[in-house]
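Please read them with the coordinates open.

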Amino acid sequence: MHLSDGILDGSVCLAGYAVSAIMLAYTAKRISNEDVPKISVVTAAFFVASLIHVKLGPSSVHLVLNGLVGILLGLAAIPSIFIGLLLQAVVFGHGGITTLGVNTITMGVPALLSCFIFRIKKIYPQKSMVLFLSFICGAVSIIGAALLTAAFLMSAGKEFFTIARIVLLANIPIMLIEAIITLLVVSFLLKVKPQLLD
Amino acid sequence: MHIELDRYARLKSPIHSWDPRFKIISLSALIFAFSFTKQLTLLPFIFVISIIVLLLSRLPLLYIFKRLKYIALFMVPMVILLSTTSGGKVLFSLKFIPVYAQGLTMSLLVVVRTFAILIVFFVMLETTPFNRTIKALHAIKMPDKLVSILFFTYRYIYVYLEELRKMRIALKLRGYKNAMNYHSLKTNGGIVASLLLRSFEQAERICSAMTLRGYTGKFIIRAQFRACWQDYVKEFAVALVIIILLKTTCSL
């Protein structure tokens, strides 16, 4: 879920860019030069994975996977999400170019949150705990993104209040799907290559 | 899925010949000026400006309209929701559903702004080969690491699109159908996991291969940009439009 162009006021868009620039500068500093190709390749895989649609009632939703980005890339999730969103705007023309900064915040902050939540597994390394944490990460990343999106929508004027509420409600089933997918992917990786999750 | 980004990037037009550095800066500023407009009276003007930019670029109109069509589809539910839930003065009622004046004007504002922004954005994007756009971004001081990630990610998207296509064919051959059940979720989870697994494994090999070839993390550009007087004239013209737009937005 992302805010498209034309909805938010120019000043909010610029503020979004400013805040995400700070986040990008901070996280990019933590990335070593050798990690750049790795982050890029994984970002490409995430980009393609987000094209997968899951059936939901009569329609279908595409995967967001920002929780998983946070789990697997840690702080590098911010540049990864920023570039992913930029390419989405470039390649498909949706997602928004004026709202790129705002969308980096709405998707990136929950990704960082789930990165920190997943670190609890260092204290409780049992398998069931890791799976439970991944489920929570998937859920938190979506509901966090939905809350932030709704907040930005409300900044566009009181005409958007009901729509913001609808966005929140519509994201509840997506949250469940995303939580289950995150759990399944983590359990798969635990079996095949557990060192990826460290 | 085939993505044709550079299809019309080599036509001849005043926008195509514009130095990409100047193009990105001026047209991005124009896009932001559009997003600042709040008055209905300005809407025809920003729409006309975007159309003029589009006509100057000589991009095939049909192609741009096709790209806009998907966005238009996304906007329909928003317009309906906005005009029926915004609150305020009821303009008229369709049976039991009230249509609000405020929501309707807001929808008009959003729709015109969106199309004006996207038309200019598509012109900016489609009139330069994407690799050159990336180099121009580097030339206007986008940080090394971000430019590198953008460049490599763009390269590898196509690799993984192909992987996804192959996996989908394999699933289809085994009689898989996307449905709303646990089995489907598990299959999709499996696809995501194996895409990620492949990417992590490939990333290590790519890293070693690049280091062996002398990669140090520096983004080396080959394209040299040289601005001529026409570039400055075009930038000046756009700057003038932006100033007039912002001035009228503030004074109205």
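How many residues of chain B are in contact with how many residues of chain A? The points below start there.

1. **Ground rules.** This is a predicted model; local features need pLDDT of at least 70, side-chain atom pairs count only at pLDDT 80 or more, and totals for chains, interfaces and linings use all residues. Residues are numbered from 1 along each chain as its sequence is written, and chains are lettered from A and ligands numbered from 1 in the order in which they are written.

2. **The interface.** On chain B, 64 residues are in contact with 58 residues of chain A. Contact here requires C-beta atoms, placed from the backbone, within 7 Å. On the chain B side, helices 1 (20-36), 3 (61-85), 4 (101-126), 6 (144-173) and 7 (182-212) each give two or more residues. Helix 7 of chain B has the largest share, with 19 residues. By type, that side of chain B holds 43 nonpolar, 17 polar and four charged residues. Ala, Val, Leu, Ile, Met, Phe, Trp, Tyr, Cys and Pro count as nonpolar, Asp, Glu, Lys and Arg as charged, and the others, Gly among them, as polar.

3. **Chain A overall.** Chain A has seven helices and two strands. Helices (H or I, at least four residues) and strands (E, at least two) are DSSP runs, numbered from the N terminus. The order is α-α-β-β-α-α-α-α-α from the N terminus on. The radius of gyration of chain A is 16 Å, close to the 16 Å of the globule rule for 198 residues, so chain A is as compact as a globular protein of that length. That radius is taken over C-alpha atoms, and the rule is 2.2 Å times the number of residues to the power 0.38. Of the contacts in chain A with a separation of 6 or more, 71% join residues 24 or more positions apart.

4. **Burial in chain A.** Of its 198 residues, 57% count as buried. A residue is buried if 20 or more other C-beta atoms lie within 10 Å of its own, exposed if 12 or fewer, and partly exposed in between; C-beta atoms are placed from the backbone. Arg30(A) lies in helix 1 (residues 10-30) of chain A. Arg30(A) counts as exposed because it has 12 C-beta neighbours inside 10 Å. Leu75(A) is 45 residues from Arg30(A) in sequence, yet their C-alpha atoms are 7.8 Å apart.

5. **Helix 6 of chain A.** This helix (residues 127-155) has 29 residues and reaches 42 Å from first C-alpha to last, close to the expected 42 Å. The expected span is 1.5 Å times one less than the number of residues. Just after helix 6, Gly157(A) takes a positive phi of about 135°.

6. **The core.** The largest nonpolar core has 123 residues, and Ala45(A), Val120(B) and Val192(B) have the most contacts inside it. Such a core is a set of buried Ala, Val, Leu, Ile, Met, Phe, Trp, Tyr and Cys residues joined through C-beta atoms within 7 Å. Helix 4 of chain B gives the most to this core, 16 residues. Domain 1 (20-137 + 224-251) and domain 2 (142-212) of chain B both give residues to the core, so it lies between them. The domain bounds come from an automatic or database domain assignment.

7. **Helix 5 of chain B.** Its buried residues (helix 5 is residues 130-139) are Thr133(B), Ile134(B), Lys135(B), Ala136(B) and His138(B). They pack against helix 1 and helix 6 of chain B. Lys141(B) follows helix 5, with a positive phi near 75°.

Key. Contact = placed C-beta atoms within 7 Å.
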